[in-house]
Amino acid sequence: MRCGPKRRLALPAMLLGAVAVARAAQPPAPAVPEPLLRAAQAITERAARARVRFLASDALAGRDTASPELEIAAHYLASELEAAGLEPAGDRGGFLQAVELERVELDPSSRLERLADASGAATGEGGGAPAGAVARLALDGVRAAVLPGSGTGTVEAPVVFCGYGVQSEELGWDDYAGVDVRGKIVLVLRYEPGEKDPASPFDGERHTRHAFIQTKLAAAARAGAAGLLLVTGPRYHAQADELIAAGGRRLRLAADAASGAAGSQADRRRERRARGLAAAAIPAVHLAREAVATLLAGSGFDLQAAQEAIDTGYAPCSRALPVRLRLEVRQRAQPVRVHNVAGLLRGADPALAGEAVVVGAHYDHVGVGEPGPQGDPADRIYNGADDNASGTAAVLEAARAMAMAPRPRRSVLFVFFAAEEQGLLGSIAYVRRPIVPLDRTVAMINLDMVGAQRAGAAGGVRRAPGACARAAAAGSERLPGGGLRAGARRASRRRQRPRPVPARRGAGAPPVLRHACGLPPAGRPRGQDRRRQGCAQRATGDAHGVAGGERRAGRAVTA
């Protein structure tokens, strides 16, 4: 590989941390201290490139969760933090924080059936004792697939159509009002009403949390439903009916991973709620539209008409259906352990060293799979150079630079999260068992996919509604925006320019600074290395600025 000369980038005059302060109407930031500037400029393309080259090498086989190669990456990160002079912040005086998972396998006997009465006729709520099935679907991912977050068990019950499965006090919308779903199976539409309508009572242009599967599951469980069926309506997705599947083998947080949560009383309250959400999981399946038509044949239910009625009138249209189903989800679980990696740069001010700024990135990827349609058919390794060896390298460089600079007043905690690609499991486990109590975590800086230019890419600041201090309350939900940046909109692979998000879940949460770090296209292979270099420099400045400032009104800090 041809390598260019060593280059340096100056820190931006206005650091992103200062931008966050400006949004909170705080005084302008002072000049960047010269020792910090020198430390940040010590970050080079060559160092960033070397780290990414190792993490994204074929030898690490894509850093899949629970693979030996991911464990190698974890020990590499721990050794680099130790070499930089950081204190171990993991379990038992080391750099590794255990994340207890379960590898779940779907039992092939799992199925969904429409039941018939003794005469062979399809039964509804008032039908006779079920004697057999008039339709049967295997939950094999072809026409029916078990959803991520599904519970296990067998449910035999009538079906109730509940629109989009939304309960929202702030929007005055309740798909469960006026129908009794206790002990029954609910059928709900994917996404939310008015998906592409700017006049929608929802967002209309971007999905809100009500479109998320885990939000729908939680609403169904609260209403007393015993099972959930999800279907993608044809109004906005006539040509797309792909199933979301948990897969035949998947990973989830272990049932006991939430135990022993450390931290404040508020942390423990969030932990109890998280465990309650996990315990409320119900069997849940995603159905193809053709499968819905098969199961509900002769019931008089028209999926397209029902969706049209909801999306044109913007009102719930829920009703019981004369159909009885048996849903059986069986799974086997095997314990698995992976590790977050954490190192601490202790603050210099005894009065503030107990508070921390978290700087983090996930270091896992998706491992080995099918070859890409335009790639080498023999190459099955998904190396994950951008997602997220780039962010991991940038955090390592920021840690090294900050260890060289004068220490800020607050502590800075550098964390590398595992199992992000499996549903943000490492970051969820962290907020359930935080190294620094969440109410003493003043900000979080997250670096994700910082190596490649995308249209509209930018470094940016988002104040996540809840962020670290609210993430644990979401429990087993797939956190929107990712782990510690819960509540912030997750940028797509096209990565739109970040914008502030209103804090709906209350004030006092740490701000979250999320770096996309796009630069103008350089037109040369070295451009990605410069982006990683610049992103690490900016993160270094942000972390030092935030950690060295004063807390203002419990919301922001001065840089």
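Strand S2 (residues 96–106) is largely enclosed by the rest of the structure, because eight of its 11 residues are buried. Buried here means under 20% relative accessible area, while exposed means over 50% and partly exposed is in between (1.4 Å probe, protein chains only). Helices (H or I, at least four residues) and strands (E, at least two) are DSSP runs, numbered from the N terminus. This is a predicted model, where local features need pLDDT of at least 70 and side-chain atom pairs count only at pLDDT 80 or more, while totals for chains, interfaces and linings use all residues. Residues are numbered from 1 along each chain as its sequence is written, and side-chain values use heavy atoms, with hydrogens and water left out.

**S2 and its partner**
- S2 pairs with strand S14 (residues 331–345) in the antiparallel sense, over 11 bridges. For two strands to count as paired, DSSP has to find at least two bridges between them.
- Within that pairing, Glu102 sits opposite Pro335 in S14.

- The average pLDDT of the protein chain is 75, and 66% of the residues score at least 70. pLDDT is the predictor's confidence in each residue, from 0 to 100.
- Residues 455–508 stay under 50 in pLDDT, and for them the model has 155 contacts beyond four places in sequence. A contact means heavy atoms within 4.5 Å.
- Residues 550–559 are also below 50, with 36 contacts in the model beyond near neighbours in sequence.

**The chain overall**
- The protein chain has 12 helices and 21 strands.
- Of its 559 residues, 56% are buried.
- Take the contacts between residues at least 6 apart in sequence: 81% of them join residues at least 24 apart.
- The chain exposes about 22700 Å², and carbon and sulfur atoms supply 51% of that. Accessible areas come from the Shrake-Rupley method with a 1.4 Å probe, and for residues only the protein chains shown count as cover.

**Nonpolar cores**
- The largest nonpolar core has 48 residues, and those with the most contacts inside it are Leu81, Leu101, Val341, Val359, Tyr363, Phe414 and Phe416. A nonpolar core is a set of buried Ala, Val, Leu, Ile, Met, Phe, Trp, Tyr and Cys residues joined through side-chain atoms within 4.5 Å.
- Helix H9 gives the largest share of this core, eight residues.
- Apart from this core lies another one of 36 residues, with Ala135, Ala157, Val323 and Leu327 among them.
- Phe414, leaving aside neighbours within four places in sequence, is in contact with Leu86, Val341, Ala342, Gly343, Leu345, Val359, Val395, Ala398, Ala399 and Met402.

- H10 (residues 425–432) is largely enclosed by the rest of the structure, since eight of its eight residues are buried.
- The buried residues are Leu425, Gly426, Ser427, Ile428, Ala429, Tyr430, Val431 and Arg432.
- Ala419 lies in the loop between strand S16 (411–417) and H10. Its phi is near 60 degrees, a positive value in a residue other than glycine, and Ala419 is buried at a relative accessible area of 0%.
- Leu424 is found in the loop between S16 and H10. Its phi is near 65 degrees, again positive in a residue other than glycine, and Leu424 counts as buried at 1% relative accessibility.

**A cis peptide bond**
- The bond from Asp387 to Asn388 is cis, with omega near 0 degrees. Asn388 belongs to H9 (residues 385–404).
- For background, most residues other than glycine have a negative phi, and most peptide bonds are trans.

**Two residues to look up**
- Leu137 is in strand S4 (residues 132–138) and counts as buried, at 2% relative accessibility.
- Not counting residues up to four places away in sequence, Leu137 touches Arg111, Leu112, Arg143, Ala144, Leu287, Ala291 and Leu295. Leu137 and Arg111 are 26 residues apart in sequence and 5.7 Å apart in space, C-alpha to C-alpha.
- Ala240 is in the loop between strand S10 (227–231) and strand S11 (249–253), and is partly exposed at a relative accessible area of 25%.
- Leaving aside neighbours within four places in sequence, Ala240 is in contact with Thr232 and Arg289. From Ala240 to Ala288 the C-alpha to C-alpha distance is 9.9 Å, across 48 residues in sequence.
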